[in-house]
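Subject: Structure handover

Hello,

Here is the structure I promised to pass on. Please open it beside this note; the findings follow below.

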Amino acid sequence: MARGLKLLFYFGPLMFAAGFLAPLTAQVIAASGWTPPFGLSPLGCGFIVAAALGIPAQIRGRWI
């Protein structure tokens, strides 16, 4: 149980990015009426933005 929680907290920045930032970005894109490039869906574009923010946060260990 403790090992599972440590693993869960280790991947916290990536889970936050995928679970909160990606849908938020997709909703902002849809609400603004913007069409993502290359035929991407708003959610696909949101996951790209979330990955661009979440992976450096995971590597560095902090968001700022």
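Thr 25 counts as buried because its relative accessibility is 18%. (Buried means under 20% relative accessible area, exposed over 50%, and partly exposed in between, with a 1.4 Å probe and protein chains only.) Thr 25 sits in helix α2, residues 12-32. Helices here are DSSP runs of H or I with at least four residues, numbered from the N terminus. Beyond its neighbours within four places in sequence, Thr 25 contacts Gly 46 and Val 49. Contact means heavy atoms within 4.5 Å.

Some ground rules. This is a predicted model: local features need pLDDT of at least 70, side-chain atom pairs count only at pLDDT 80 or more, and totals for chains, interfaces and linings use all residues. Residues are numbered from 1 along each chain as its sequence is written, and side-chain values use heavy atoms, with hydrogens and water left out.

Next, helix α3. Its 19 residues should span 27 Å at 1.5 Å a residue, and the end C-alpha atoms are 27 Å apart, so the two agree. (The expected span is 1.5 Å times one less than the number of residues.) The buried residues of α3 are Cys 45, Gly 46, Ala 50, Gly 54, Ala 57 and Gln 58. They pack against α1 and α2. Just after α3, Gly 61 has a positive phi of about 90 degrees.

Look closely at Gln 58. It lies in α3 and counts as buried because its relative accessibility is 15%. Its side chain reaches the backbone oxygen of Tyr 10 at 2.9 Å. Leaving out residues up to four places away in sequence, Gln 58 touches Tyr 10, Phe 11, Gly 12, Pro 13 and Leu 14.

Finally, Leu 8. This residue is in helix α1. At 40% relative accessibility, Leu 8 counts as partly exposed.

Which helix gives the buried residues Cys 45 and Ala 57? Both belong to α3.

Best wishes

Conventions. Helix = DSSP H or I, 4+ residues; strand = E, 2+ residues; numbered from the N terminus. Polar contact = N/O pair within 3.5 Å; in protein donor to acceptor, adjacent residues only side chain to side chain.
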